[in-house]
Amino acid sequence: GGYKVSPDEVERAIAPALPGTELVVLGFPSEYWGEIVTLVAQNPPADWQQKLAPTIEQMTSYKRPRLFAAIATLPRNAIGKIARAQLRRWLAEEFDLVERPRPAFIPKNRGTGGQS
């Protein structure tokens, strides 16, 4: 949408609202927006999006995650860092992106456990 957003800054702002859950923020490619701020959580509790809502509402609007997904295990490289490119590929394989002013992930019918 024309703004530069630091994933680390967004992660630091959101993490206290969901202790014990590893969160990753990344830009997901979009023809409409360029990139969409996306939040992926590793094994979050069932009500994770509701727990995050008050924190996200207080954030600057262009820094707020617009897409949300849960994953069983975050992909990591050989030295243990999160493999963001691999995570983007997983998102593209598991979800269809609905391009609109309020974007959404729609799970593909594979039955593999991803959720939005």
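Glu 11 is buried, with a relative accessible area of 17%; buried here means under 20% relative accessible area, exposed means over 50%, and partly exposed lies in between, with a 1.4 Å probe and protein chains only. I begin with this residue and will work outward from it. Before that, a word on the source: this is a predicted model, in which local features need pLDDT of at least 70 and side-chain atom pairs count only at pLDDT 80 or more, while totals for chains, interfaces and linings use all residues. Residues are numbered from 1 along each chain as its sequence is written, and side-chain values use heavy atoms, with hydrogens and water left out.

On confidence, pLDDT is the predictor's confidence in each residue, from 0 to 100. The mean pLDDT of the protein chain is 90, and 92% of its residues reach 70 or more. Over residues 111-116, however, pLDDT stays under 50, and for that stretch the model has 15 contacts beyond four places in sequence. Contact means heavy atoms within 4.5 Å.

Let me return to Glu 11, which lies in helix H1. Helices (H or I, at least four residues) and strands (E, at least two) are DSSP runs, numbered from the N terminus. Leaving aside neighbours within four places in sequence, Glu 11 is in contact with Leu 23, Val 24, Val 25 and Arg 84. In H1, Glu 11 is buried together with Val 10 and Ile 14. These residues cover an arc of only 100° around the axis, which puts them on the same side of H1; the arc is that of the directions from the helix axis to the C-beta atoms. The cover over the buried residues of H1 includes S1, S2, H2 and H3.

One of the contacts of Glu 11 is Val 25, a residue of strand S1. Val 25 counts as buried, at 2% relative accessibility. Neighbours within four places in sequence aside, Val 25 is in contact with Pro 7, Val 10, Glu 11, Val 37, Thr 38, Leu 39 and Arg 84.

I turn now to helix H2. Which residues of H2 are buried? They are Trp 48, Leu 52 and Ile 56. Their arc around the axis is only 45°, which puts them on the same side of H2. The face turned away from that buried side carries the exposed residues Gln 50, Glu 57 and Gln 58. H1, S2 and S3 are among the elements that cover the buried residues of H2.

Helix H2 (residues 48-58) also gives the most to the lining of the second largest pocket, with five residues. On a 1 Å grid over the protein atoms alone, a pocket is an open set of points with protein on both sides within 12 Å along at least five of seven lines, and lining residues have an atom within 4 Å of a point. This pocket has a volume of about 180 Å³, a volume being the space filled by probe spheres set on the points, which are joined across faces, edges and corners. The lining consists of Gln 49, Leu 52, Ala 53, Ile 56, Glu 57, Arg 64, Pro 65, Arg 66 and Phe 68. By class, the lining residues divide into five nonpolar, one polar and three charged. In this scheme Ala, Val, Leu, Ile, Met, Phe, Trp, Tyr, Cys and Pro count as nonpolar, Asp, Glu, Lys and Arg as charged, and the others, Gly among them, as polar.

Next, the loop between S2 and H2. Not counting residues up to four places away in sequence, Pro 44 touches Thr 21 and Ala 70. Asn 43, in the loop between S2 and H2 as well, counts as exposed at 54% relative accessibility. Phi of Asn 43 is near 45°, a positive value in a residue other than glycine.

Thr 21 has its place in the loop between helix H1 (7-14) and S1. Thr 21 is buried, with a relative accessible area of 12%. Residues up to four places away aside, Thr 21 touches Ala 41, Gln 42, Pro 44 and Pro 45.

Finally, helix H3 (residues 84-94) has Leu 87, Trp 90, Leu 91 and Glu 94 as its buried residues. Seen down the axis of H3, these fall within an arc of 100°, so they line one face of the helix. Their cover includes strands S1 (23-30), S2 (34-42), S3 (67-71), S4 (95-98) and S5 (104-107).

Conventions: On a 1 Å grid over the protein atoms alone, a cavity is a set of points where a 1.4 Å probe fits but cannot get out, and a pocket is an open set with protein on both sides within 12 Å along at least five of seven lines; lining residues have an atom within 4 Å of a point.
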